[in-house]
Amino acid sequence: MRKIWVKLALVLMIVSASGILVSTLLSIKEMDYHFSFYLQDLSKKHSEEILSLVREEYQKENGWGNGVFSKLEALAKVLDLEITLYDKNYKILKIVGNHHEGQAQPYSNANTIPITLGNRSIGYILILHNADTSAMSLEEHFQIAHTNAMQWTMLVLLVMVSIASIIIARRIVQPIEHMSKAAVSVASGNYSIRVPIPQDKNELSELVHTFNQLIASLQKQEELRKRLTSDLAHELRTPLNTLLAQIEGMIDGVWEASPEHLESTRSEVLRLTRLVSDLDQVVQTEAGALHISKEELDVSEVAKEIVDSMKASFQRKNIQLNHILEPLALVVGDKQRLAQVFSNLLTNSLKHTEPNGEVVVSVVKDNESVLITIKDNGMGIPKEDLPHVFERFYRGDRSRNRERGGSGLGLTIAKGIVEAHQGEIQIESELGNGTIVTIRLPSLRLK
């Protein structure tokens, strides 16, 4: 299987080589085109200079003489030309330059240039570039040299592009290879591995950073899973051991199956049932599958019902339960679920507030939301435990929380229900100074 960096390097090489090849061919073609125009202009300039010289010598000698012939011979030698001079009657007067005997060029209107003096014709001249002269050879040498230079340049560029393509492809693909190896390592259970983040700040470095965050999140989830398994085993072990001891006592006859004893057994069964029910709700909320009915309801009425139902429990512990409920705090939601939120939060306040304490429940409308606050002056939560209070089975002081009962799932369930209503929940607390739970739900506007 061809590696991705090899494919990327080949693509870069092909694209770069195509660009270099096209540029080289266009450069050679453009050079040939303009060089041909240069030769044409040079030939035209030579012809004009020769004509001017011929006229001047003709005037000096008042006819065709040795002065014209010697000058033409010198020019033909210097410029490597073959020059044939005709008189006005088309008779050859002189042939100079690289001329071979028996190859005299006859007069031709297409090739000869008329020589005039004023309005009078005095003769004709034929100027030829011999194919075997050094002038023609110079043109060929120049074109060949230019073509060779472009070809060598193209070859060097192709080598440089190939090396650069391999280096760039390896540099781009290296983080991806590291992520691939890290993914295999994570799949085998190693969550401590991290991929080095490239120094360049681009999409690839962001991808590596996100990948590392994903591994960190998986590592945290794995730790929570292990702790959940441990806590769940502990929560189930206590009532199951109690039930086992009671049933074995009844079988052995050391524990009478009286109504009181059976009621104790029934309490343990109910405790297990509540724990399983709470776990089911936690799973549903975390999976986003918690069923929420949508109906118009007044949060103040829901809060008042729960406060009234729990007043007796607060009175038995000598704790004041007060409320500030603003009417028509309307939302769209599930009455039973919101009632469960109030019940869970008030139960926590009841457990962690000492006698002669106070708990205040308030519901007020705040712009486009309904603000719910449950405040107590209980023992509070340590600062280091606050970020974890919504986690399943989380306990700061485990022994103290077990003594006060509960499954450790109440806040987790409350958070899931609030978020299912498109709301948010926050907890502020200070050890020894009580706790404030704040819930904000989208309000329903009155028409």
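The largest nonpolar core of the chain comprises 44 residues, of which Phe342, Leu346 and Ile439 have the most contacts inside it. A nonpolar core is here a set of buried Ala, Val, Leu, Ile, Met, Phe, Trp, Tyr and Cys residues joined through side-chain atoms within 4.5 Å; buried denotes under 20% relative accessible area, exposed over 50%, and partly exposed the range in between (1.4 Å probe, protein chains only). Two or more residues are given to this core by each of helix H5 (259-286), helix H6 (299-316), H7, strand E8 (358-366), strand E9 (369-376), H9, strand E10 (424-429) and strand E11 (435-442). Apart from it lies another core, of 17 residues, including Tyr58, Phe69, Ile115 and Ile122. In soluble globular proteins, nonpolar side chains tend to be buried together.

The model is predicted: local features require pLDDT of at least 70 and side-chain atom pairs count only at pLDDT 80 or more, whereas totals for chains, interfaces and linings use all residues. Residues are numbered from 1 along each chain as its sequence is written, and side-chain values use heavy atoms, with hydrogens and water left out.

The chain contains nine helices and eleven strands, assigned as DSSP runs (helices H or I, at least four residues; strands E, at least two) and numbered from the N terminus. Buried residues account for 35% of its 447 residues. Of the contacts (heavy atoms within 4.5 Å) with a separation of 6 or more, 66% are between residues 24 or more positions apart.

Five strands form an open sheet in the order E6-E8-E9-E11-E10, with mixed pairing; two strands are taken to pair if DSSP finds at least two bridges between them. Strand E6 (320-325) and E10 are the edge strands, each pairing on one side only. From one strand to the next, the twist averages 10°. E8 and E9 are paired in the antiparallel sense over eight bridges, and Val360 stands opposite Lys375 in E9. The pairing of E10 with E11 is also antiparallel, over six bridges, with Ile436 in E11 as the bridge partner of Glu428. Five residues separate the strands in the hairpin of E10 and E11, where Gly432 takes a positive phi near 90°.

H6 lies across E6, E8 and E9 and runs at about 170° to E6, while H7 lies across E6, E8, E9 and E11 and runs at about 20° to E9. Axes are lines fitted to C-alpha atoms, for helices over the stretch in contact, and angles run from 0 to 180 degrees between N-to-C directions. Phe342 is in contact with Val299, Val302, Ala303, Ile306, Val361, Val363, Ile372 and Ile374, leaving aside neighbours within four places in sequence.

Helix H7 (residues 335-352) also packs against helix H9 (residues 410-420), at an angle of about 150° and with the axes 9 Å apart. In this contact, Arg337, Leu338, Gln340, Val341, Asn344, Leu345 and Asn348 of H7 meet Gly410, Leu411, Ile413, Ala414, Ile417 and Val418 of H9. These residues divide into eight nonpolar, four polar and one charged, where Ala, Val, Leu, Ile, Met, Phe, Trp, Tyr, Cys and Pro count as nonpolar, Asp, Glu, Lys and Arg as charged, and the others, Gly among them, as polar. Asn344, within H7, counts as buried because its relative accessibility is 17%. Beyond neighbours within four places in sequence, Asn344 is in contact with Gly410, Ile413 and Ala414. The buried residues of H9 are Leu411, Thr412, Ile413, Ala414, Gly416, Ile417 and Val418. Gln422, which follows H9, has a positive phi near 65°.

Positive phi values also occur in two loops. Leu328, in the loop between E6 and strand E7 (330-333), has a positive phi of about 60° although it is not a glycine; Leu328 is partly exposed, with a relative accessible area of 47%. Asn356, in the loop between H7 and E8, has a positive phi near 70° and is exposed, with a relative accessible area of 63%.
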